[in-house]
Amino acid sequence: MNNKDAYESILEMYEGKPFTVSKVADSLLEVLRFQFTPEEADLAVKVGLKGGKLDEIQERTGIEKNKLKKMLNTMADKGTMWIRPGKEDPTYRTIGVAGPGLLETGGWGNIRFPYSVQLMKALYEFQLDFATKILAKIPFPVAQVWTTPAALPADAEPNQNVAERIKEAGYWGVSTCSCRLPHWIADPGNHCNHLLETCLFLGDTARWGVEHGMCREITYQNAIEILRKCNEEGLVHTYDPNEFICNCCPDCCVLQVGNREPGANVLQPSEFVAQIDESTCDACGNCADRCPFGAIEVDTYACVDTDKCLGCGVCFSTCSTDSIKFMRRPKIEDPRTVAVA
Ligand code: SF4
Ligand code: SF4
């Protein structure tokens with residue numbers, strides 16, 4: 001198998017699972033060439049997206065067991081191989097394109113390899129391509145926005161509170177934002193100045209990330225403090241069911257870049273919506289300046305367009321008159337959120 005065949009075979013493996021990656025083949029190929037050696041690309045296809053145990057993969061590939069194990073671990077360090085953590089005889093599988101996949105893993109853990117800077121530049125181009133040509137065209141949302149915990153109304157249920165989801169995970173990590181870091185590196189001087197270490201990993205995804213150098217272990221309290229700081233910075237919490245939480249800005253985030261495209265529907269609103277108390281609002285405009293989705297207009301008082309409001313709570317901490325409250329959003333019919341695995 002020549003090198004070109006190995007990378008094109010990975011593209012074939014990803015096609016339609018679930019994304020039409022042929023639409024972004026050129027930019028994805030650039031990332032693949034940094035993320036896999038030709039030998040690793042060949043192995044990634046043989047392991048496949050369903051994966052298997054070491055013995056099964058050994059039988060499929062004919063690679064000597066110790067060498068195989070070492071290769072799979074090296075690939076996990078690069079973020080291209082999922083290894084279920086803490087198991088004596090773990091399952092291995094090649095990671096997908098997103099959620100978590102190649103769209104994220106190259107940006108996690110900061111600059112770790114001699115090729116990291118070049119990888120970040122390639123990743124930035126791939127992320128732009130993916131956001132505008134794939135995410136923006138999917139007819140239903142792929143990621144859920146979560147109201148920041150401090151803004152939740154008193155009757156919010158525990159399963160509507162992202163802090164509770166974080167607590168249930170039992171193990172936590174944090175990493176450099178996989179969108180912000182590539183943007184900073186690829187487009188110096190023309191990017192946001194938000195916090196960089198904002199990608200929260202939960203549960204087994206955190207264990208995998210810590211074991212393979214993609215994130216660092218933190219406590220539950222650390223995770224909640226990061227969430228609070230992110231809200232203060234104007235970053236939107238989006239929770240992925242595959243156990244990570246993005247804290248997104250409109251400048252760098254793949255989800256928000258895709259969501260801005262005409263007709264796009266990338267983000268599922270949270271279950272709450274902002275409401276202004278016009279009797280106390282002094283029309284300072286802080287909330288409107290901060291809203292990442294242009295949902296607030298201010299005249300004699302601030303007014304929320306509930307169709308545009310995604311219920312993130314970024315406006316909440318900016319109001320000195322305590323005029324912003326959150327109420328339950330009227331039930332959304334058929335809220336199909338897909339897990340981008
Ligand atoms: S008004 Fe804007 S900032 Fe406030 S919750 Fe809605 S989308 Fe978020
Ligand atoms: S931040 Fe508060 S006081 Fe200022 S415009 Fe918004 S709701 Fe009104």
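## Basis

In this predicted model, local features need pLDDT of at least 70 and side-chain atom pairs count only at pLDDT 80 or more, while totals for chains, interfaces and linings use all residues. Residues are numbered from 1 along each chain as its sequence is written, chains are lettered from A and ligands numbered from 1 in the order in which they are written, and side-chain values use heavy atoms, with hydrogens and water left out.

## Domains

The chain is divided into domain 1 (3–97) and domain 2 (135–328); the bounds come from an automatic or database domain assignment. Thirteen residues of domain 1 and nine residues of domain 2 take part in the contact between them (contact: heavy atoms within 4.5 Å). The C-alpha centres of the two domains lie 32 Å apart.

Between them, domain 1 and domain 2 bury about 830 Å², 63% of it on carbon and sulfur atoms. Buried area here is the accessible area (1.4 Å probe) that two parts lose on being put together, summed over both. Asp-77, Trp-82 and Pro-85 supply 50% of the area that domain 1 buries against domain 2, more than any other three residues.

## Nonpolar core

The largest nonpolar core has 113 residues, and Leu-32 and Phe-130 have the most contacts inside it. This core draws at least three residues from each of domain 1 and domain 2. A nonpolar core is a set of buried Ala, Val, Leu, Ile, Met, Phe, Trp, Tyr and Cys residues joined through side-chain atoms within 4.5 Å; buried means under 20% relative accessible area, exposed over 50%, and partly exposed in between (1.4 Å probe, protein chains only).

Leaving aside neighbours within four places in sequence, Phe-130 is in contact with Phe-19, Val-24, Val-97, Ala-98, Leu-103, Leu-135 and Val-254. Phe-130 also belongs to a cluster with Phe-19 and Phe-126, linked by ring pairs.

## Strand β9

Helices (H or I, at least four residues) and strands (E, at least two) are DSSP runs, numbered from the N terminus. Five of the five residues of β9 (residues 244–248) are buried, so the strand is largely enclosed by the rest of the structure. Phe-244, Cys-246 and Cys-248 cover one side, with Ile-245 and Asn-247 on the other.

Strand β8 (residues 236–240) pairs with β9 in the antiparallel sense over five bridges, with Tyr-239 opposite Ile-245. Strand β6 (residues 199–202) is also antiparallel to β9, over two bridges, and Phe-201 has Phe-244 as its bridge partner. Pairing requires at least two DSSP bridges between the strands. The hairpin of β8 and β9 has three residues between the strands, and Glu-243 takes a positive phi near 75 degrees there.

## Aromatic pairs

The structure holds ten aromatic pairs (ring centres within 6.5 Å, using the six-membered ring of Trp; planes under 30 degrees apart are stacked, over 60 edge-to-face and the rest tilted). The rings of Trp-108 and Phe-244 have centres 5.5 Å apart and planes at 80 degrees, so the pair is edge-to-face. Trp-108 lies in the loop between α6 (102–105) and α7 (116–133) and Phe-244 in β9, so the pair ties together parts that are 136 residues apart in sequence. Trp-108 is buried at a relative accessible area of 1%, and Phe-244 is buried at 2%.

Trp-172 and Tyr-220 form a tilted pair, 5.8 Å centre to centre with 50 degrees between the planes. Trp-172 lies in strand β5 (residues 172–175) and Tyr-220 in helix α11 (residues 220–232), so this pair ties together parts that are 48 residues apart in sequence. Both Trp-172 and Tyr-220 are buried.
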